[in-house]
Amino acid sequence: MEKIVSLEKSDIQLALVEYRDHPPQDSTFVTRAHNFTESVREMKEWLEKASAEGGGDQPEAVADGLNDANNLSWRANATKICVLIADAPPHGLMQSGDTFPNGCPKEIDPIKVITRMGEKGITLYCVGCEPALLPFKSYFAAMAHKTGGQYVPLRNAKLLADVIVGGAREEISLERLVGDAGKEVEELRRQGITDEKEIAENLQRLLLNKGVTTNQLAMNNRNLEGASEKAINYSKMTNLCDIK
């Protein structure tokens, strides 16, 4: 958290949503949401009190966690980034061994939640704790792809901080690029250039001449694997039932 704040020199706010599962699989809590704060110290306190324990069947309350995250008090004009850390699928996706085979008992559909997140401008990074999440990789990659984010495989917990920092820096960088590009497009249109292809070619030339670059999240100095064809097809679906 401190690294993001120090590197970006921006007005950054932080939030945390913890999720476990519904009774009878877990009797502690389903979700626990901590709304946005400007205090890194407060965020640290939340994290220090967080723990992973309990559980029954394999699926967890992923849908409820995402829904709580979507309902946080996001600022309209901020760069919005959500990092989902998961080692299990949501309810309603598995063929067997799911206490709630029809999905979240509160009838929260994670795909519909992700659609609303995308409409709000929230970019989702799905961090998959592998190998546990490998059978559901395409599903989580689809969720990320639906919002313009990425799926990040995580085999070492020590890498998690770098993933969060890298994802945040990439999105902030892209938002700035989009803002700069928008100004250039307006100027080109003022000059009487209206053809979309011509605008794109002029914009590319202008940005190259200015040496514009963006930060991009990579792993082992290599670009992340893009969404598979299956994940892209999943991302076009409107509900969890269709994906199942």
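Mentor: Contact means heavy atoms within 4.5 Å. Helices (H or I, at least four residues) and strands (E, at least two) are DSSP runs, numbered from the N terminus. The model is predicted, so local features need pLDDT of at least 70 and side-chain atom pairs count only at pLDDT 80 or more, while totals for chains, interfaces and linings use all residues. Residues are numbered from 1 along each chain as its sequence is written, and side-chain values use heavy atoms, leaving out hydrogens and water.

Trainee: How many residues of the contact of H6 with H7 are charged?

Mentor: From H6 (residues 160–190) come Leu 177, Ala 181, Glu 184, Val 185, Leu 188 and Arg 189, which meet Glu 196, Ile 199, Asn 202, Leu 203, Leu 206 and Leu 207 in H7. Ala, Val, Leu, Ile, Met, Phe, Trp, Tyr, Cys and Pro count as nonpolar, Asp, Glu, Lys and Arg as charged, and the others, Gly among them, as polar. By that scheme, 8 residues of the contact are nonpolar, 1 is polar, and the number charged is 3.

Trainee: What span does H6 reach from its first C-alpha to its last?

Mentor: The expected span of a helix is 1.5 Å times one less than its number of residues. For the 31 residues of H6 that expectation is 45 Å, and the span in the model is close to it, at 45 Å.

Trainee: Which strands stand at the edges of the sheet?

Mentor: Two strands pair if DSSP finds at least two bridges between them. The open sheet has 3 strands in the order S3-S4-S5, with parallel pairing. One side of each edge strand is left without a neighbour in the sheet, because each has a single partner strand; these are S3 (80–86) and S5 (151–154).

Trainee: Which residue in S5 is the bridge partner of Cys 129?

Mentor: S4 (residues 122–129) and S5 pair in the parallel sense over 4 bridges. In S5, the partner of Cys 129 is Leu 154.

Trainee: How do H3 and H4 stand to each other, roughly parallel or roughly antiparallel?

Mentor: The axes of H3 (residues 62–70) and H4 (residues 110–119) come within 9 Å and cross at roughly 20°. H3 and H4 are therefore roughly parallel.

Trainee: Which residues in H5 are met by H4?

Mentor: The axes of H4 and H5 (residues 137–146) come within 9 Å and cross at roughly 25°. Pro 110, Ile 111, Ile 114 and Thr 115 supply the H4 side, and in H5 they meet Tyr 139, Met 143 and Lys 146.

Trainee: In which loop is Pro 131 found?

Mentor: Most residues other than glycine have a negative phi, and most peptide bonds are trans. The bond from Glu 130 to Pro 131 is cis, with omega near 15°. Pro 131 is found in the loop between S4 and H5.

Trainee: What is the phi of Glu 107?

Mentor: Glu 107 lies in the loop between S3 and H4. Its phi is positive, in a residue other than glycine, and is near 60°.

Notes. Axes fitted to C-alpha atoms, helices over the stretch in contact; angles between N-to-C directions. Parallel < 35°, antiparallel > 145°, perpendicular 65-115°, else oblique.
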